[in-house]
Amino acid sequence: IMSEPESLRCSSARNRGGVQRVEGKLRASVEKGDYYEAHQMYRTLFFRYMSQGKHAEARELMYNGALLFFSYNQQNSAADLSMLVLEVLEKSEAKVEDEILECLAKMFSLMDQNSPERVAFVSRALKWSTGGSGKLGHPKLHQLLAVTLWKEQNYSESRYHFLHSSDGEGCAQMLVEYSASRGFRSEVDMFVAQAVLQFLCLKNKNSASVVFTTYTEKHPSIEKGPPFVQPLLNFIWFLLLAVDGGKLTVFTVLCEQYQPSLKRDPMYNEYLDRIGQLFFGVPPKQSPSYGGLLGNLLNSLMGSGEEDDGVEEAQEDSSPIELD
């Protein structure tokens with residue numbers, strides 16, 4: 001049903017005694033098929049432990065209970081206990097640690113891909129991972145979510161989470177697969193151009209460089225470069241060099257010379273306006289000409305829409321070009 005190492009992952013030795021005895025009884029109920037009764041017992045114990053300040057015990061019990069319910073395909077009960085794990089983390093002001101982030105990603109990976117509970121869970125988990133602030137979530141959690149969504153072949157949402165991680169290499173490998181399975185051969189350059197420009201808009205210069213290098217090396221339809229056959233790839237290569245140099249004249253000439261390639265997607269020049277502000281000291285436009293969908297896309301990338309539900313909005317509106 002569940003390997004012992006897995007059920008122990010979120011536990012600490014000092015909590016095991018009492019929790020183990022209780023878990024034995026709960027497991028027996030689940031194995032008999034008394035799912036409703038077992039679920040109610042978990043909830044009762046959760047509130048008892050919380051009222052006694054036994055946060056570690058409550059978290060361990062809910063996590064292992066969620067895994068148990070998932071193993072019996074009891075999605076609703078499992079999702080409910082998963083949310084209680086988050087409640088413990090929020091109320092106990094637990095520190096963000098890789099082990100906890102891996103537990104959250106594990107529960108996410110087991111949830112029904114189309115369930116509203118999964119959307120609610122990921123939004124709340126990301127919010128907790130940045131201390132409840134309006135920021136867009138811990139990079140490590142984004143990376144773990146991105147890998148899960150990649151395995152599910154949910155490439156557009158995977159790309160959104162990779163953008164908010166620091167894993168340029170993983171992002172590139174996912175984009176190679178995305179391009180090969182869903183894109184046209186004529187668009188191989190657009191997949192990576194979009195990712196590089198968006199990473200730069202998020203001030204993540206290192207991941208922008210890594211995603212470009214890895215993608216162009218690994219994509220079967222891209223001949224070895226630089227220079228490349230595709231003008232857009234040459235533009236991105238020069239842009240990354242220009243960002244390192246920081247000279248406005250180089251950036252301006254580059255954008256002028258490659259306008260025919262940049263007109264392939266109306267978002268490119270919007271991204272480049274922002275990159276000019278971030279890396280080359282270009283003053284922002286007086287009044288943004290874009291609104292509606294384009295405005296939402298830029299806001300989700302650049303973090304200006306940082307309300308409570310910003311994470312969910314960004315997930316839905318994060319794909320400037322759909323290439324399926």
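## Asn73 and the α4–α5 loop

Asn73 is located in the loop that joins α4 (55-71) to α5. In this predicted model, Asn73 adopts a positive phi of about 60 degrees although it is not a glycine. The residue counts as exposed, because its relative accessibility is 57% and the cut-off for that class is over 50%.

## Overall composition

The protein contains 18 helices and 0 strands. Of its 324 residues, 49% are buried.

Among contacts in the protein with a separation of 6 or more, 65% are made by residues 24 or more positions apart.

The description of helix pairs below rests on two quantities. Two packed helices are described by the angle between their axes and by the distance between those axes.

Helix α5 (residues 75-91) and helix α7 (residues 116-129) have axes that come within 10 Å and cross at roughly 15 degrees. Angles under 35 degrees count as roughly parallel, so α5 is roughly parallel to α7. On the α5 side, the contact is formed by Asn76, Ala79, Ser82, Met83, Leu86, Glu87, Leu89 and Glu90. The α7 side contributes Glu117, Ala120, Phe121, Arg124, Ala125 and Trp128. The crossing of α5 with α7 is left-handed.

The spacing of such contact positions can be read against helix geometry. An α-helix has 3.6 residues a turn, so residues three or four places apart point the same way.

## Packing of α6 and α8

A second pair is formed by helix α6 (residues 98-110) and helix α8 (residues 139-151), which pack at an angle of about 30 degrees with their axes 9 Å apart. With the limit for roughly parallel set at angles under 35 degrees, α6 and α8 are therefore roughly parallel to each other. Their crossing is right-handed.

The residues of α6 that make the contact are Asp98, Leu101, Glu102, Leu104, Ala105, Phe108 and Ser109. Their counterparts in α8 are Lys140, Leu141, Leu144, Leu145, Thr148 and Leu149.

Gln153 belongs to the loop between α8 and α9 (155-163). Its phi is near 60 degrees, a positive value in a residue other than glycine. At 45% relative accessibility, Gln153 counts as partly exposed.

## The enclosed helix α11

Helix α11 spans residues 188-201. At 1.5 Å a residue, its 14 residues should span 20 Å, and the end C-alpha atoms are 21 Å apart, which agrees. Because 14 of the 14 residues of α11 are buried, the helix is largely enclosed by the rest of the structure.

Just after α11, Lys203 has a positive phi of about 60 degrees.

The peptide bond from Gly225 to Pro226 is cis, with omega near -5 degrees. The bond from Pro226 to Pro227 is also cis, with omega near -5 degrees.

Val250 lies in helix α14 (residues 248-257). With a relative accessible area of 41%, Val250 is partly exposed. Leu239 is 11 residues from Val250 along the chain, and the C-alpha atoms of these two residues are separated by 8.9 Å.

Pro284 occupies the loop between α16 (267-280) and α17 (292-302). Its relative accessibility of 52% places Pro284 among exposed residues. Pro284 and Asp273 are 11 residues apart in sequence, and their C-alpha atoms are 7.8 Å apart in space.

## Cysteines

The structure holds 0 disulfides; a disulfide would require a pair of cysteine sulfur atoms within 2.5 Å. Cys171 is buried, with a relative accessible area of 0%. Cys255 is likewise buried, at a relative accessible area of 12%, since burial means under 20%.

Definitions and conventions
Residues are numbered from 1 along each chain as its sequence is written. This is a predicted model: local features need pLDDT of at least 70, side-chain atom pairs count only at pLDDT 80 or more; totals for chains, interfaces and linings use all residues. Side-chain values use heavy atoms; hydrogens and water are left out. Buried means under 20% relative accessible area, exposed over 50%, partly exposed in between (1.4 Å probe, protein chains only). Helices (H or I, at least four residues) and strands (E, at least two) are DSSP runs, numbered from the N terminus. The expected span of a helix is 1.5 Å times one less than its number of residues. Axes are lines fitted to C-alpha atoms, for helices over the stretch in contact, and angles run from 0 to 180 degrees between N-to-C directions. Angles under 35 degrees count as roughly parallel, over 145 as roughly antiparallel, 65 to 115 as roughly perpendicular and the rest as oblique. A crossing is left-handed if the near helix is turned anticlockwise from the far one by less than a right angle, and right-handed if clockwise. Contact means heavy atoms within 4.5 Å.
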